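Here are a few friendly notes to read with the structure open beside you. Take them one at a time and find each residue as you go.

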Amino acid sequence: MKTKLTIKPISISFNKLNLSQLDNIVSIESSSSSYPWTKTQLKESIKNPNNLCYSATYEGDIIGYLIVMLASETADILNIGINPNNQRKGYGSLLMSYLYKELKNRLIEEVFLEVRESNQSAISFYLNQGFKEISIRKNYYKSNSNKLSSAENGIIMRLEI
C-alpha cells in the first residue's frame with residue numbers, strides 16, 4: 001500500500017509595516033543582527049515615504065521584515081531581518097519573492113544592497129537569491145570603536161529583476 005504524501009500549506013502573509021509593529025521589529029532586529037539598528041532608525045525608516053516596508057507574518061506572529069528605499073528605476077535593500085527561531089526555513093526567500101513582485105509592479109529593474117564582508121550567512125543568502133557582487137567599499141562599516149582598524153568593508157551587490 002502506498003502512502004499519500006501530505007503537504008501542509010504555509011500560512012504566511014505580507015503586510016505594510018506600520019509603527020504599531022515597531023516593538024516587534026526592534027525585537028527581531030536586536031536578536032537577529034550583530035549590529036542592530038536602533039529603534040529610532042527603524043522608526044524613521046518606516047515613516048519615510050520613499051521606503052517600502054513589509055512584514056512577514058506566520059500564524060499571527062511577525063517573523064520578519066524588510067525595508068527598501070526606492071529610486072526611479074532601482075531599489076536599495078536597507079534592512080531585512082527574520083526572527084532567529086524562523087531562520088533557514090525559507091521565510092526570507094518568501095519575503096524577497098514578495099518584494100520582487102512589488103518592485104516589478106513599480107517598474108523597478110535593479111535591486112542593490114550592501115552587506116558586511118563578515119556576514120557570510122547573509123552573503124550566501126543573497127547569492128542564492130541571484131545577487132552578484134559588484135564592488136567593495138573599503139572600511140565602510142565602523143564598529144562601536146573609534147579605532148580605524150575596527151572598520152569593515154562593505155560588499156555591494158546587485159540583482160536585475
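This is a predicted model: local features need pLDDT of at least 70, side-chain atom pairs count only at pLDDT 80 or more; totals for chains, interfaces and linings use all residues.

1. Let's begin with the inside. In general, nonpolar side chains of soluble globular proteins tend to be buried together. Here the largest nonpolar core has 28 residues. I77, V115, Y126 and F131 are the ones with the most contacts inside this core.

2. Which elements build this core? Strand 2, strand 3, strand 4, helix 3, strand 5, helix 4 and strand 7 each supply at least two residues. Helix 3 gives the most, with six residues. Another core, of 10 residues, lies apart from this one, and I46, C53, I62 and Y65 are among its members.

3. Leaving out residues up to four places away in sequence, V115 touches A122, I123, Y126, Y141, N153, G154, I155 and M157.

4. Now turn to helix 2, residues 39-47. Which of its residues are buried? They are L42, S45 and I46. These residues lie on the same side of helix 2 because they cover an arc of only 100 degrees around the axis. An α-helix has 3.6 residues a turn, so residues three or four places apart point the same way. The buried residues of helix 2 pack against helix 1, strand 2, strand 3 and strand 4.

5. A pair of rings is described by the distance of the centres and the angle of the planes. The model has six aromatic pairs. Why is the pair F14 and Y98 called stacked? The ring centres are 4.7 Å apart and the planes are at 15 degrees, and planes under 30 degrees apart count as stacked, so this pair qualifies. This pair also links distant parts of the chain: F14 belongs to strand 1 and Y98 to helix 3, 84 residues apart. Together with Y54, F14 and Y98 form one aromatic cluster.

6. Compare that with Y126 and F131, an edge-to-face pair with 5.7 Å from centre to centre and 70 degrees between the planes. Both Y126 and F131 are buried.

7. Finally, find two arginines next to tyrosine rings. The charged end of R116 sits over the ring of Y35, 3.4 Å from the ring centre. For R137, the charged end sits over the ring of Y140, at 5.3 Å from the centre.

Methods
Residues are numbered from 1 along each chain as its sequence is written. Side-chain values use heavy atoms; hydrogens and water are left out. Rings of Phe, Tyr and Trp (its six-membered ring) pair if their centres lie within 6.5 Å; planes under 30 degrees apart count as stacked, over 60 as edge-to-face and the rest as tilted. Helices (H or I, at least four residues) and strands (E, at least two) are DSSP runs, numbered from the N terminus. Buried means under 20% relative accessible area, exposed over 50%, partly exposed in between (1.4 Å probe, protein chains only). A charge sits over a ring if NZ of Lys or CZ of Arg is within 6 Å of the ring centre and within 35 degrees of the ring normal. The arc is that of the directions from the helix axis to the C-beta atoms. Contact means heavy atoms within 4.5 Å. A nonpolar core is a set of buried Ala, Val, Leu, Ile, Met, Phe, Trp, Tyr and Cys residues joined through side-chain atoms within 4.5 Å.
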